[in-house]
Amino acid sequence: TSQIPVITIDGPTASGKGTVAHRVADKLGFHYLDSGALYRLTALSALRRGTDLADEHALAKLAEHLQCSFQGGDIILSQENVSDAIRAEEVGNTASRIATFPAVRHALVGLQLGFRKAPGLVADGRDMGSVIFPHAPLKVFLTASVAARAGRRYKQLIDKGFSANMEDLLKDLQARDDRDTNRAIAPLVPAEGAQVLDTSEMNADEAVDQVLQWYAAIAK
Ligand code: CDP
Ligand code: CDP
């Protein structure tokens with residue numbers, strides 16, 4: 001599998017990773033890995049089962065035995081479509097907390113590596129370029145100002161029918177940034193050799209075009 005190309009797209013919450021990675025994968029006909037969804041699925045399972053969110057061992061076990069599948073755009077957990085449920089803010093915040101546990105991260109490695117299939121993979125998350133696919137031929141670090149990202153998240157939540165409050169979102173986003181950036185294991189930093197793209201003033205299509213240009217330049 002080491003010949004199969006991987007494009008990694010890492011960055012903070014609401015920087016547009018998911019949107020951009022998905023569209024790049026579509027354009028190239030590549031597979032797509034939403035690694036954050038795996039942390040969200042683990043978080044959702046834990047919340048529903050009432051697992052102690054400080055019990056690293058129990059959480060790692062949940063992660064290791066996730067019964068999940070990705071079908072088209074849908075995310076299935078134990079036969080239930082949880083595509084919308086895992087996007088709730090509570091689930092995202094819980095995901096970010098449990099993602100600080102090494103045993104949880106370790107439990108999800110094999111599942112992530114399994115997404116590398118021909119003809120190629122676009123993987124988005126926090127540590128795709130730094131930890132999971134360190135030899136990826138193209139690594140991108142997407143970023144945007146806190147204000148731009150909070151605005152994007154607000155719109156997404158309202159569009160999905162969730163309620164949202166801008167002040168709370170800003171606070172949550174900063175707390176999530178802090179936790180993701182300052183944790184001891186797999187902190188959110190641009191991977192070595194990553195192209196950094198600030199999308200504060202860009203729409204998603206412009207970001208997609210830039211990533212495709214970078215890829216075309218190395219693929220020829
Ligand atoms: O959509 P958003 O960027 O907020 O989050 P996500 O990508 O769905 O991931 C949810 C949480 O999982 C993040 O806040 C991270 O703490 C964690 N995560 C991680 O630690 N490593 C990854 N590769 C992906 C997500
Ligand atoms: O995966 P991540 O949390 O980084 O972000 P996302 O879930 O893809 O959400 C980004 C939202 O901002 C989507 O609604 C996009 O349409 C929008 N957006 C973007 O992705 N990229 C831009 N440059 C501008 C807006």
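## Around ligand 1

Helix H2 gives the largest share of the shell around ligand 1, four residues. Helices here are DSSP runs of H or I with at least four residues, strands are runs of E with at least two, and both are numbered from the N terminus. This is a predicted model: local features need pLDDT of at least 70 and side-chain atom pairs count only at pLDDT 80 or more, while totals for chains, interfaces and linings use all residues. Residues are numbered from 1 along each chain as its sequence is written, with chains lettered from A and ligands numbered from 1 in the order in which they are written.

There are 14 residues around the ligand, and Thr-13, Gly-36, Ser-96, Ala-99 and Gly-125 come nearest (near means a C-beta atom, placed from the backbone, within 6 Å). H2 (35-49), H4 (89-98) and H9 (166-182) are the elements giving two or more residues to that shell. By type, the shell splits into three nonpolar, six polar and five charged residues (nonpolar: Ala, Val, Leu, Ile, Met, Phe, Trp, Tyr, Cys and Pro; charged: Asp, Glu, Lys and Arg; polar: the others, Gly among them).

## Strand S1

S1 (residues 6-10) is largely enclosed by the rest of the structure, because five of its five residues are buried (20 or more other C-beta atoms within 10 Å of a residue's own, all placed from the backbone). Val-6, Thr-8 and Asp-10 cover one side, and Ile-7 and Ile-9 the other.

## Its partners

S1 pairs in the parallel sense with S6 (residues 121-125) over five bridges (pairing takes at least two DSSP bridges). Here Asp-10 sits opposite Gly-125, a residue that also turns up among those nearest ligand 1. S7 (residues 138-143) is another parallel partner of S1, over four bridges, and there Ile-9 has Val-140 as its bridge partner.

Note on methods. A residue is buried if 20 or more other C-beta atoms lie within 10 Å of its own, exposed if 12 or fewer, and partly exposed in between; C-beta atoms are placed from the backbone.
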